Amino acid sequence: MTTHWILGPGAIGRLLAHSLAPLVDVSVIGRRALPSRQLLTTPEGEARAQHLTSLAAEQLVADTPAPPAFVHITTKAMAAEAALSSIASVLPSSTPLVLWQNGFYAQPRITQTWPGPVLCATTTQGAYLTGDDGVVHAGRGPTFVGDLDNQHTGLAESLAAQLSEAGLTASAVGDIRSRLWQKLAVNAAINPLVALHGVRNGELRGDAYSGRVVAVVHEVAAILTKEGVLPPNGGEGDAAWLALVWQVVENTANNKASMLQDVEAKRLTERGAILGPLIECAERYGLGCEVLKELDQELALLEARF
């Protein structure tokens, strides 16, 4: 049976494991092993128990198992390279990696340094953890797979087909770089605000937060225009980007975004991977990004209290 390793047992990692487990041999790898009995709550509220193989990275290295067909790296962006290093000694250099990080930090760095194929995945599937043995699938959305240099189309198509069979509707695309920027735009508009205010995604539609969402999207749209990233869905300007953000908010209304989960757990957030590339681009192009900088500063102050 095809083997998939999932490096990083967070919300997306465990959702991926639950989805793939009926089709392939899955191992979830983290700093420590989790209970083998794991519970998935579907968007409809149905609870499904499943036994998943969970290993600590140290144990995996000591046991030197047969290499996998894919390694999915589902850690936070700033931890992806260190996580890969922790198991690299047991991986053939030709092993395909799949990067599921938010932002646009880990993807180019690992693509440049890993000798084998590196696929990037971007998804609007919503999920959050309920402890060491539970994950809630809070909202469905499309997943796109590709590589930054368009050199592994066949591999991307094969993985997308497998993910779709597993219930995570996926497509192989030739413009994954643009789609990663699109996901970054959505994350910038949603994650910081829900993390700072302790609300779920759907609450951003209310009067208390919607104006700031619009302000973020206005700055992000200007940055992405300079980057040559076309507005989504064939639209134009701020309106197209705002429509995408509101659609994701609608689809994941009950979700606890990843940055909110970090704040609740008193972990450092991915502000550097989500807001950092946008602020850097804005400064390079001489664009104003006061709203993005304010969000970054507010998150930094919040993290300093952890």
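Biologist: Looking at S7, which residue is the bridge partner of Val71?
Modeller: Strands here are DSSP runs (E, at least two residues), as are helices (H or I, at least four residues), and both are numbered from the N terminus. Strand S6 (residues 70-73) runs parallel to strand S7 (residues 97-99), with three bridges joining them. Val71's bridge partner in S7 is Leu97.

Biologist: Before we go on, what pLDDT do side-chain atom pairs need in order to count?
Modeller: Residues are numbered from 1 along each chain as its sequence is written, and side-chain values use heavy atoms, with hydrogens and water left out. This is a predicted model, where local features need pLDDT of at least 70 and totals for chains, interfaces and linings use all residues, while side-chain atom pairs count only at pLDDT 80 or more.

Biologist: OK, S6 and S7 belong to an open sheet of eight strands. Why is one side of S5 and S12 left without a neighbour there?
Modeller: The strand order is S5-S2-S1-S6-S7-S8-S11-S12, and the pairing is mixed. Two strands count as paired if DSSP finds at least two bridges between them. Strand S5 (53-56) and strand S12 (170-172) sit at the edges, so one side of each is left open because each has a single partner strand.

Biologist: How many residues of S1 are buried?
Modeller: Buried means under 20% relative accessible area, with over 50% being exposed and anything in between partly exposed (1.4 Å probe, protein chains only). In a regular strand, side chains alternate between the two faces of the sheet. Here Thr3, Trp5 and Leu7 point one way from S1 while His4 and Ile6 point the other way, and all are buried. Out of five residues in S1, the buried count is five.

Biologist: And which residue in S2 is the bridge partner of His4?
Modeller: S1 and S2 are a parallel pair, with five bridges between them. In S2, His4 has as its bridge partner Val26.

Biologist: What angle does H3 make with S1?
Modeller: Helix H3 (residues 80-87) lies across strand S1 (3-7), strand S2 (25-30), S6 and S7. Angles run from 0 to 180 degrees between N-to-C directions, using axes fitted to C-alpha atoms (for helices, over the stretch in contact). Relative to S1, H3 runs at about 130°.

Biologist: Is Leu180 of H6 buried or exposed?
Modeller: H6 itself is mostly covered, with 17 of its 22 residues buried. Leaving out residues up to four places away in sequence, Leu180 touches Phe104, Gln107, Cys120, Ala121, Thr122 and Leu148, contact meaning heavy atoms within 4.5 Å. Leu180 has 1% relative accessibility, so it counts as buried.

Biologist: How far apart are the axes of H7 and H11?
Modeller: Helix H7 (residues 207-226) packs against helix H11 (residues 290-304) at about 115°. Residues making the contact include Arg212 and Val216 of H7 and Leu292 and Leu295 of H11. The distance between the axes is 8 Å.

Biologist: How many charged residues does that contact have?
Modeller: Ala, Val, Leu, Ile, Met, Phe, Trp, Tyr, Cys and Pro count as nonpolar, Asp, Glu, Lys and Arg as charged, and the others, Gly among them, as polar. The contact of H7 with H11 has seven nonpolar residues and no polar ones, and its charged residues number five.

Biologist: What's the relative accessible area of Glu219?
Modeller: Glu219 is in helix H7. Ignoring neighbours within four places in sequence, Glu219 contacts Gly288, Cys289, Glu290, Val291 and Leu292. Glu219 is buried, and its relative accessible area is 9%.
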